[in-house]
Amino acid sequence: MAVLRYRIELADISAHHYRVTLTLPAPAAEQDFSLPVWIPGSYLVREFAKHLSGLTARQGSQALAVEQIDKACWRVRCSGRAALVLSYDVYAFDASVRTAWLDSQRAFFNPSSLCLRAHGRESGAHRIELAGVPRGWRVATEMREQGGGYEAVDYDELLDHPFEIGPHWQGEFEAAGVPHRIVVAGAWPSFDGERLLADVQRICEAQIAFWGGAPFERYSFLLWAVDDGHGGLEHRASTALICARRELPTAAEGGAPGEHYTRLLGLFSHEYFHAWNVKRLRPSEFARFDYQRENYTELLWFFEGFTSYYDELMLRRAGLVDAGRYLKLLAASVNGVLASPGRHVQPLASASFEAWTKYYRPDENSPNATSNYYAQGALVALCLDLSLRARRSSLDALMARLWKASAGGPVSEADILGAVVALGGEELSGQLRAWVHGVAELPLRELLGAAGIDWRDEGRQSVAQRLGLRVRESALTGIAVTHVLSGSAAAAGGLNARDEVIACNGWRLRRMDDAVALLAAGDTRLRLLVSRDQRLVELDVALPPPRPASVVLDLAEGAHAARRRWLGD
């Protein structure tokens with residue numbers, strides 16, 4: 001079958017427009033085309049077609065009509081077998097890893113944002129040719145370079161290779177004999193690229209050893225550093241990343257990674273782990289993708305949550321953080337989950353299935369109604385790992401078993417539960433099912449204690465925490481209520497999200513913590529004045545006594561064999 005070709009031109013950089021010309025040899029008499037509505041790894045319908053405009057079609061010198069079938073699908077009625085040529089513009093100014101970007105500093109795109117799918121021709125070779133690339137700009141992608149262009153064996157592979165184009169920094173290293181590349185756009189002049197290369201190399205070597213080999217011949221990390229941002233999107237031989245510039249290592253820094261840099265290394269670790277866990281080992285529902293609608297699975301707690309467990313654990317195994325620092329990272333995850341009442345409302349399996357409508361579209365009630373399959377899924381992985389270790393196995397062994405049994409391919413929940421039975425018994429398999437299909441509290445304290453980890457409740461809650469509020473405070477704009485947690489004193493007292501707290505007990509209030517100073521001895525009532533939709537509302541709210549603010553995890557006294565096997569301390 002003849003190659004399907006896309007000519008992608010950086011046509012109008014100042015207007016952020018790509019010009020795409022698609023040439024399809026031997027089209028069908030009624031040839032349909034569509035643009036994906038979502039991109040695998042980001043479970044939200046994003047309507048990429050909203051940025052496509054000016055679609056025209058021709059065969060030779062004959063212009064053909066283009067009929068729009070639905071929001072992202074078009075049909076062209078062809079005459080004969082001469083090549084069909086489509087042309088269209090795509091607006092690209094989305095500062096994320098999911099879509100496309102074009103300005104005077106860089107070009108970036110996922111082919112899912114630019115490349116129409118020719119129905120019936122998905123299994124043939126697809127080729128991208130670039131045009132209008134400014135002098136001095138380089139192209140970074142893991143799509144196979146072929147004769148001045150880039151080729152994929154089919155449409156699925158085409159969509160799995162992002163492109164980073166620009167005058168970026170680039171460095172290379174080998175991990176277990178496999179070439180790797182880091183590309184960084186937008187870095188500060190003080191960026192220490194050599195340190196990033198060395199540290200990421202250690203992560204990659206630890207993960208390749210974990211899985212028993214690399215499933216790719218090369219790998220690229222495509223990182224865009226911006227003023228504020230953080231995230232990533234995995235692909236089969238690369239990942240697109242975005243971070244705040246303050247997360248990058250600088251020449252002035254030394255010693256152990258600081259808080260911001262550790263966060264960046266965790267992002268590298270997370271997306272790299274996905275090269276195995278979700279790109280190859282994946283939900284059975286994702287054996288083939290339907291790019292035109294939601295693709296549902298109840299297993300994101302495993303593929304995102306278990307990856308979130310391993311991303312920071314791999315920093316420990318790579319020697320980038322010590323055991324104490326790792327426990328601080330773990331405690332932060334524990335505290336985040338415990339602060340959300342929604343964990344008692346939405347099971348993780350449901351959170352996975354409903355990601356399309358809930359996780360990616362949070363609102364003021366989300367903490368009360370939803371669970372987080374990333375953070376809470378990571379804690380399920382922790383509980384399962386410690387439980388398996390108490391039975392002389394481990395989560396490592398479980399992941400290896402699933403990888404081997406599936407040949408690095410699709411798995412179902414039954415496959416996962418079956419592997420738990422084989423390594424830990426029927427009882428543990430039932431516990432795992434209860435953890436992801438129920439809403440009971442996880443046995444974190446007990447399992448960590450048995451593994452030689454001290455759990456302490458420490459600190460004093462802020463006034464907002466005591467009331468069950470999440471607020472945004474500013475000396476200029478005052479106190480804005482962003483969330484009211486269910487079952488809290490604030491909810492009982494009538495506070496709403498979007499309220500502005502103006503005064504307490506007759507005094508102007510600019511910080512919630514100042515409210516304590518406005519109470520007479522023995523008084524526990526806050527008489528709040530709030531602004532709600534331009535109206536002033538008076539509320540009487542009880543202030544509960546303070547409780548410990550957070551969980552702290554520490555290494556217990558003395559040597560502990562189980563802990564050494566887990567953390568290597």
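How many bridges join E1 to strand E12 (residues 126-131), and in which sense do the two strands run? The two are joined by 6 bridges and run parallel. Helices (H or I, at least four residues) and strands (E, at least two) are DSSP runs, numbered from the N terminus, and two strands pair if DSSP finds at least two bridges between them. The model is predicted, so local features need pLDDT of at least 70 and side-chain atom pairs count only at pLDDT 80 or more, while totals for chains, interfaces and linings use all residues. Residues are numbered from 1 along each chain as its sequence is written, and side-chain values use heavy atoms, with hydrogens and water left out.

Strands E1 and E12 belong to an open sheet of 8 strands with mixed pairing, in the order E5-E4-E8-E2-E1-E12-E15-E14. At its edges stand strand E5 (62-64) and strand E14 (144-146); each has a single partner strand, so one side of each is left without a neighbour in the sheet. Direction ignored, neighbouring strands of this sheet are turned by 25° against each other on average. Within the parallel pair of E1 and E12, Arg-7 stands opposite Glu-129 of E12. Strand E1 (residues 4-12) is also joined, by 6 bridges, to strand E2 (residues 17-24), and these two run antiparallel. Here Asp-12 stands opposite His-17 in E2. E12 in turn pairs with strand E15 (residues 149-152) in the antiparallel sense over 3 bridges, and Tyr-150 in E15 is the bridge partner of Ile-128.

Another open sheet has 5 strands in the order E17-E18-E19-E21-E20, again with mixed pairing. Its edges are E17 and strand E20 (230-234); each has a single partner strand, so one side of each is left without a neighbour in the sheet. From one strand to the next, the twist averages 15°. Helix H3 (residues 193-211) packs on this sheet, touching E17, E18 and strand E19 (219-226), and its direction makes about 35° with that of E17. Helix H4 (residues 259-273) also packs on the sheet; H4 touches E18, E19, E20 and strand E21 (238-244), and its direction makes about 15° with that of E20. Axes are lines fitted to C-alpha atoms, for helices over the stretch in contact, and angles run from 0 to 180 degrees between N-to-C directions. Contact means heavy atoms within 4.5 Å.

Strand E17 (residues 169-175) and strand E18 (residues 178-185) pair in the antiparallel sense over 7 bridges, with Glu-172 opposite Arg-181 in E18. They form a hairpin with 2 residues between them, and Ala-176 in the turn has a positive phi of about 55°.

The axes of helix H9 (residues 375-390) and helix H12 (residues 426-437) come within 11 Å and cross at roughly 170°. H9 and H12 are therefore roughly antiparallel to each other (angles under 35 degrees count as roughly parallel, over 145 as roughly antiparallel, 65 to 115 as roughly perpendicular and the rest as oblique). Residues of H9 in this contact include Val-380 and Leu-384, and those of H12 include Leu-432 and Trp-435.

Finally, Asp-160 lies in the loop between helix H2 (155-159) and strand E16 (163-166). With 8% relative accessibility, Asp-160 counts as buried (under 20% relative accessible area, with exposed over 50% and partly exposed in between, for a 1.4 Å probe and protein chains only). Leaving aside neighbours within four places in sequence, Asp-160 is in contact with Glu-234, His-235, Arg-236, Ser-238 and Lys-279.
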